[in-house]
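Please examine the sequence and the model shown below.

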Amino acid sequence: MGKKIKKEAEPPPKDVFDPLTIESKKVATVVLMLNSPEEEILAKACEAIYKFALKGEENKTTLLELGAVEPLTKLLTHEDKIVRRNATMIFGIMASNNDVKKLLRELDVMNSVIAQLAPEEEVVIHEFASLCLANMSAEYTSKVQIFEHGGLEPLIRLLSSPDPDVKKNSIECIYNLVQELNDLHIEALSVIANCLEDMDTMVQIQQTGGLKKLLVFAENSTIPDIQKNAAKAITKAAYEPENRKFFHEQEVEKCLVTLLGSESDGTKIAASQAISVMCENSASKEFFNHQGIPQLVQLLKSDNEEVREAAALALANLTTCNPINANAAAEADGIDPLVNILSSKRDGAVANAATVLTNMAMQEALRGSIQSHDIMHALIGPLHSANMVVQSKAALTIAATACDAEARTELRNSGGLEPLIELLRSKNDEVRRHASWAVMVCAGDELMAAELCRLGALEILEEINLSVTRKNKFSEVAYNKLLNNHLSLKYSQTGYLSSSNIISDGFYDYGRINPGTKFWPLKDLCLQEPNDLRTILLVNSKSDVSPPPSTEDKSSEVGYGRSISSSSSLRRASKEKARKPSYYFSAGFGSPTEEKSEPASGRNTAVSKSATKEKGSRKSKGKKEEEKQKEEEEVTVVLKWAGEGNQDKEWSPPADPDFCAYVYEVTKSILPITDIREQIEALAKYVAEKMGGKIPKDKLQDFSWELHISELKFQLKSNVVPIGQIKKGIFYHRALLFKALADRIGIGCSLVRGEYGRAWNEVKLMNESQKGVIGGLPPPEEYIVDLMFHPGALMKLKSKEADRYRFL
């Protein structure tokens, strides 16, 4: 056999491309493949893109940016069924992206998508084509395109499809399409409301009669959304004064009151907001007094927080600068729901309710009603708010309602002082101003003033007032009022008390301190052990026990009560006298019991002589002895009752029976003197006698008052020494005693602290030569009262500083 020869393979044709399998991991490469003429490549590329788009919105955006949408739209009409199916599937999921929707509308592919709904197409194509249309039909422009290309009929036909997804998509698309069929008035009114924010458009709408059409819809429509949008449009138009006037002429108020009774919360809110703006017109504001306010008060009780907020806003605007409307809101039982709203979680509702309550509290009768609703406790939450508008309104409400001691006490007990003081630190001007206002009101009595100072209000106000940009008129007044109601601190800081600064029980002279230095409370000072620091002088005539009824005549009762009881008629009489400058009384001051009062006995020779000379009357020696004995018995009782007290009670300042006796004696012997100059001289001599008598200038160095004070501190085991126990006193002891006693009997005088232990009293008197001048009182002249060298002498002040030190 011959050897077999192997047949060689024929080489491939030179003009044929060898098959190539491509595996791409880049989506951009696959997008480029969408332009291929080969069905197999197109089908595989579409399949890969479908899977990529299915993974999330970011991938859809990526495909859009890579330009995949345009070539895919051409594949919707491809001859190959698989390519067409895959492209339809891609658009079914891609159409959920808003940017893709927009591009599809621009490319006008709606006809191609609707064509995929033909009966002969596969169920899968029906499913994704209907899904694409459902996504597109969510927007108005696409709805129009679907209608124009006859998409509704094939969608209705697909409702009988056996595939549930096809049914679902078709129903969703049909539902979206029929929404075009709704009343367009709602959307139109919403558009008009937005257009009214532009002034030029507003003028055009007004000139073309559009405002009147708004009223027609608001009055005649029964559809809540139409009523709501009409009311919103009225609100925006009413910001213009001319429009408010037009609406009032068309009696829009009646329409808005009717809308307040709507079943729709949205309509109630819109109507309330419209009333808020319309009440800028005074005539409209007056209309709502009888109609509207009662309905708004009812809305304050709504379960819907937005309704309550809108109603409170309307009431806030209606009651601002309008006492009649404030009364109407109170008469409609609005106080209770307004106080309840202060605990709302909506800042706007809280701020609006606080404004209404502030407007109401401007009237004393309503203020009492508001206070009875536990208003101070309700304001604690708003004071702690992080919203500056709420903070401001809450502080303003406190300023309007804390006008009496009971309300201020309630605020303090509720823990409201701390957050109020913290608002003084606010960087917001309005919050800081209203907080200062509230502190000013709260500082209306000594107890609250002392508490505010303890919490640091004075230091914060002082810091504010040092700043040109942060201070305000209320911060300055609040600072001064705190000092005027905390005279101990004022005297220590400023070294001056005016004639209107009346020293009361519990006052203590702590000595000079600089602003910002800690000022210790009296209780803390009393509990400290004695040391080498300056002695604290205490003024106190209080007693824990009321005295027994006196058998003395009315003048004696007055004296007794003045030194023991805080409710005596003498206190009222002295305060009446103290309200006027001393020179008003130089012509004669009549005590309520002056005719029945008798001059004091020989306990104080200087005073007795002065009083006897003033009265110009003599009595028998026996009668004088009887009166003397009777008076001494009374003083003994005063000392006894002043020194006694229940030790089980809470802490109280040390009693000062000697000072009680001083008050009694000057009340009985000096108060009845009718000439103010003689009163001053008599009181000066009395004070000097009690403090060691007249001290010649050359003997001042030998006056051993320091040893006496040290002995008192040792005996009392305290740095606090009651003023009445000091029997050897120099300038600042005597000046304080003179001021304390003068204030008790209505002699107007100031207390001034000098250097080196000096202090003095200044009084104002009318010039003797000017008495009886016709044409009004001349200005009074100032004098310093000598309590040391020539007790009772008065020196006229010309050049104040030079005269003071030359005199003292």
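Helices and strands are here runs assigned by DSSP, a helix having at least four residues and a strand at least two, and they are numbered from the N terminus. The model is predicted. Counted in this way, the protein chain contains 45 helices and eight strands.

Some totals describe the chain as a whole. The protein chain has 808 residues, of which 50% count as buried. Its exposed surface comes to about 40300 Å², and 51% of that area is supplied by carbon and sulfur atoms. Among contacts in the protein chain with a separation of 6 or more, 68% are between residues 24 or more positions apart.

The packing of helices may be considered next. Helix α18 spans residues 265-278 and helix α21 spans residues 305-319; their axes come within 8 Å and cross at roughly 15°. Angles under 35 degrees count as roughly parallel, and therefore α18 and α21 are roughly parallel to each other. The contact involves, among others, Ile269, Ser272 and Ile275 of α18, together with residues of α21 including Val307, Ala310 and Leu313. The crossing of these two helices, α18 and α21, is left-handed.

Helix α35 (residues 487-494) packs with α34 at an angle of about 110°, their axes being 6 Å apart. Because angles of 65 to 115 degrees count as roughly perpendicular, α34 is described as roughly perpendicular to α35. On the side of α34, Tyr479, Leu483 and Asn484 make the contact, while α35 contributes Leu487, Leu489, Lys490, Gln493 and Thr494.

Helix α34, which covers residues 473-484, also holds Ser475. Is Ser475 buried or exposed? Buried means under 20% relative accessible area; Ser475 has 0% relative accessibility and so counts as buried. Its side chain forms a polar contact of 2.6 Å with the side chain of Asn465. The side chain of Ser475 also reaches the backbone oxygen of Asn472, at 2.7 Å. When residues up to four places away in sequence are not counted, Ser475 touches Ser436, Leu461, Ile464 and Asn465.

Gln116 provides an example from a loop, the one between α7 (110-115) and α8 (123-136). With a relative accessibility of 3%, Gln116 likewise counts as buried. The backbone oxygen of Leu76 is reached by the side chain of Gln116 at 3.0 Å. Apart from neighbours within four places in sequence, the residues in contact with Gln116 include Leu76, Arg84, Thr88 and His126.

Asp108 lies in the loop between α6 (98-107) and α7, and although Asp108 is not a glycine, its phi is positive, at about 55°. Asp374 is found in the loop between α25 (364-371) and α26 (375-378); its phi is near 60°, again a positive value in a residue other than glycine. Asp108 has a relative accessible area of 46% and is partly exposed. Asp374, at 39% relative accessibility, counts as partly exposed.

Finally, Pro294 belongs to helix α20 (residues 293-299). Pro294 is partly exposed, its relative accessible area being 34%. Between Pro294 and Asp333 there is a separation of 39 residues in sequence, yet their C-alpha atoms are 8.5 Å apart in space.

Key
Residues numbered from 1 in each chain as written. Predicted model: local features only at pLDDT ≥ 70, side-chain atom pairs only at ≥ 80, totals over all residues. Heavy atoms only, no water. Buried < 20%, exposed > 50% of the residue type's maximum accessible area, 1.4 Å probe, protein only. Polar contact = N/O pair within 3.5 Å; in protein donor to acceptor, adjacent residues only side chain to side chain. Contact = heavy atoms within 4.5 Å. Areas by Shrake-Rupley, 256 points an atom, 1.4 Å probe, with all protein chains shown as cover. Axes fitted to C-alpha atoms, helices over the stretch in contact; angles between N-to-C directions. Parallel < 35°, antiparallel > 145°, perpendicular 65-115°, else oblique. Left-handed = near helix turned anticlockwise from the far one by under 90°.
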